[in-house]
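Please keep the structure in view while reading.

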Amino acid sequence: MPEIRAPQIPSQKLKTPAAQKPAVPAVPSAVEPSLVRRFLLARGNSAFADRGFHWLMVLCALSIFGIVALILWQLVLRSQLSWHAFGFRFFYQSFTNPETGKPMYWDPVNSLFSAVPFIYGTLLSSFLALLLAVPLAVGVAVFLTEMCPRALRGPLAFLTELLAAIPSVIYGLWGVFVLVPLLREHVNPGLIQWFGWTGLFNNDNPTGLGFLAAGVILAIMILPIVSSLTREVMTAVPHSQREAVLALGATRWEMIRMGVLRNARIGIVGAIILGLGRALGETMAVTMVIGNTPEIHRSLLSNGSSMAAVIANEFTEAVGDMHLSALIEIGLALFIVTIIVNAFAQLLVWAVTRGAPAQTH
Amino acid sequence: MGVGIEVTNLNAWYGANHTLQDINLNIPASHATALIGPSGCGKSTFVRCLNRMHETNPIARVTGSVRIGDLDIYAEAKPVEIRRRVGMVFQRPNPFPTMSIYDNVAAGLKLNGYKNRRSLDEIVENSLRNSALWDEVKDDLKKKSGASLSGGQQQRLCIARALAVDPEVLLMDEPASALDPVSTSKIEDLIFQLKAQYTIVIVTHNMQQAARVAEKTGFFLNGRMVEFDSTHKIFTNPSDKRTEDYITGRFG
Amino acid sequence: MSTNNFPLRSRLRALTDLAVTGLTILATVVVVTPLVAIFAYLVYKGASSLNLAFFTQIPKPVGVAGGGMANAIAGSAILLAVASAIGVPIGIGGGIFLAEFGRGTKLANAVRFTADVLNGVPSIVMGLAIYALIVVPQKHFSALSGGVALGIMMIPTVCRTTEEMLLMVPHAVREAALGLGVPNWRSVLSITVKTASPGIITGCMLAFARVAGETAPLLFTALGNDFWSSSLNQPIAALPLQIYVYAISPYDDWHRLAWAGALVLIVLIVLAVSLVRYVTSRGVLKGAS
């Protein structure tokens, strides 16, 4: 057999293999070895294909940067008109209504635009959402990781996962037909009666729509992400930490507080901020329940609007280029804010769950 | 048929770690050569340098030369080409989990673009016969997945997979260390038969295994090759004190 | 810590423990309630409005009873096909880069980080960008622009899950392929990706389920359409868009259709998520470990 293969060996035959062995191999080989060998020797080393494949994958990965750049570029480009007209004042200016003498922020017919009421609405509704959602989310996470019977853990985790999978528009639908009437008939009257003196609950909006409705629906929507991320960082706390505290004779709650929550707190803050990022940009459900009025009110029961809601609500019916441009500028601001908030949150979560983002295998 | 391997001044690093230092040896063709030594001595790194598998780790670096037959594998070829000529069997059986037994054996050819169906059937059968697995699996070649076999069968499947590309050299990195005694003895029988056809280099931490299957044995310690001689001499009358200490169990 | 009030303190600690346990259970109940409420109401309202016409007819004008969302269902299918054609290959490619080529490099970390951040960008912003990029130059709304917007939104999710699934493939499997002299690209596609494919498909379905319910990015790209349309160059109806339009309309008939549409949408999504859950719980990599 060596004679058959000899011609395929590329360079000169220096050393004859010490294989002057008996001609009968120990294992009878019916394979024609030269056939396979000849085929494989003739195959290229595919260095070209390998390099091409590598760069194609790099290109796919780089597309992520491309998308961010593309969004930024297009939004900056299309918001030029509004930016040149108002500059940075867009984010804090107000106008006066010539008829009533009251402050006014958004007048598409006269091309007067200010983002103030939308920033206010976004911040207020998101803040309300966090206020309602965070204690619940942490409570659920503690229950699921530390106390829940094993049999319940799976179904409950699945339920929270389902909550996260429900589309925004369905939350909105439910908000319009169930939550808003519920608030209007049963919750708001109580709030007005008992807490009206704070000025936060005024009896001037009979619809049930408004900041509170938006805050409640946002709370329901960000609960799953906050609680599942909190769960993740809590499970990342090493078991030894819990045992160390338990060994000192702590009760279960003391163990959770000192052994778990204290070690996971940075990650939990990250989870909360990530929830904030979601709340800031949430569009459909908020649009459907916030009332869509570009006004600022102290009362949580008043109609308002948010940055995402005004875009969704007015964009296709915008009355002119300036109106479009102003809406796109609000979108740009929303984009930059959510990028910063998400990046910050991501760093916090990574700090806990992975040690450091730049970890090698 | 197997070819000889000539290693000259081989040095290897993993990052700053100098794992192989000035290795020189000639591995004879169509024999089994065993490499022994305590864990971490560099013997696994050494066999990986023989088919450039160490390059899958980006921090690895090598100097010196390795000739397999008449091919300088670092100067004259790409890793892909060398690995087609130098088969490798790993410490833990690693059949492709999503493939049937048949596809596992045929993988080396199929994935390299071999299309001749009929000869493929023949090659698969022969490879499985040569790895003493044929009788156990011939009835469900395409039905069962490679991962459904027992550990020992999986390792013989991996050997069949390596044989299917008709290599000139077969590297075995502790092929029986994850197996039970019965499976281990089957693998050893196999090596004993295969060495007539292939040059076999087997890394082992089991000295009896080296003594049973290999004509030549090399002893590695701390990244250096202390002694390389006939297996008989190494185990009965080693010339180096350190080899003797290791053989007699005084350390390692 | 003086010793004489030890029993009292101990009882207080036990009480706190009990109270906190109770509070976490309460929190869980409060969280589960709206979910159950949403589902129950959805099924109750949706099922009573659902009929054959819903799946076979297009919307009727206001005041005319009946009508359905057949065109919106077909429109969603077209939009999602375009989105998958864009999002799945690019996302998988990015994931392959992260897991197989870039491991531990600065570039990979930057890509991973940006993907996670991009995942949190509001979908309405994505709609604005695609409006500016495609709709403005073309001067008309189109199914294509809607599909592109959804496709881009799929990329980060698909990319990150692909990476995670590939990382679960044991290193030994890669070594086995490379040890046979298989070229790297072939080894990655035919061995590593194939081994991880159940998990990767799972990731794609999750991304798919997520964009299937997206409304905001379609508002000013796909726009919506009351009639049959299958052209990529024309505005097209989509299920979530139709639900939105009907929900904020003042007509009872349309509200009923909105509920029916929501039920159909949620059933599809829950099916996808459950399937994913089933596949992952069975072990993503059958037999490999």
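How many residues of chain B are in contact with residues of chain C, and how many of chain C? In this predicted model, 22 residues of chain B are in contact with 20 residues of chain C.

## The side of chain B that touches chain C

Two helices of chain B, α2 (79–85) and α3 (101–110), each supply at least two residues of the side that touches chain C. The largest share comes from α2(B), which gives four residues. Sorted by class, this side of chain B holds 10 nonpolar, eight polar and four charged residues.

## Burial along α3(B)

Helix α3(B), one of the helices that supply residues to the side touching chain C, is mostly covered, with eight of its 10 residues buried. The buried residues of α3(B) are B:I101, B:Y102, B:N104, B:V105, B:A106, B:A107, B:G108 and B:L109.

## A helix pair in chain C

Within chain C, the axes of helix α7 (residues 171–179) and helix α8 (residues 184–195) come within 10 Å and cross at roughly 155°. Because angles over 145 degrees count as roughly antiparallel, α7(C) is roughly antiparallel to α8(C). The crossing in which α7(C) passes α8(C) is right-handed.

On the α7(C) side, the contact is made by C:V173, C:R174, C:A177 and C:L178, while α8(C) contributes C:S187, C:I191, C:T192 and C:T195. By class, the residues of this contact of α7(C) with α8(C) divide into four nonpolar, three polar and one charged.

Definitions and conventions. Residues numbered from 1 in each chain as written. Chains lettered and ligands numbered in written order. Predicted model: local features only at pLDDT ≥ 70, side-chain atom pairs only at ≥ 80, totals over all residues. Axes fitted to C-alpha atoms, helices over the stretch in contact; angles between N-to-C directions. Parallel < 35°, antiparallel > 145°, perpendicular 65-115°, else oblique. Left-handed = near helix turned anticlockwise from the far one by under 90°. Contact = placed C-beta atoms within 7 Å. Nonpolar A, V, L, I, M, F, W, Y, C, P; charged D, E, K, R; others polar. Buried ≥ 20, exposed ≤ 12 C-beta atoms within 10 Å, placed from the backbone.
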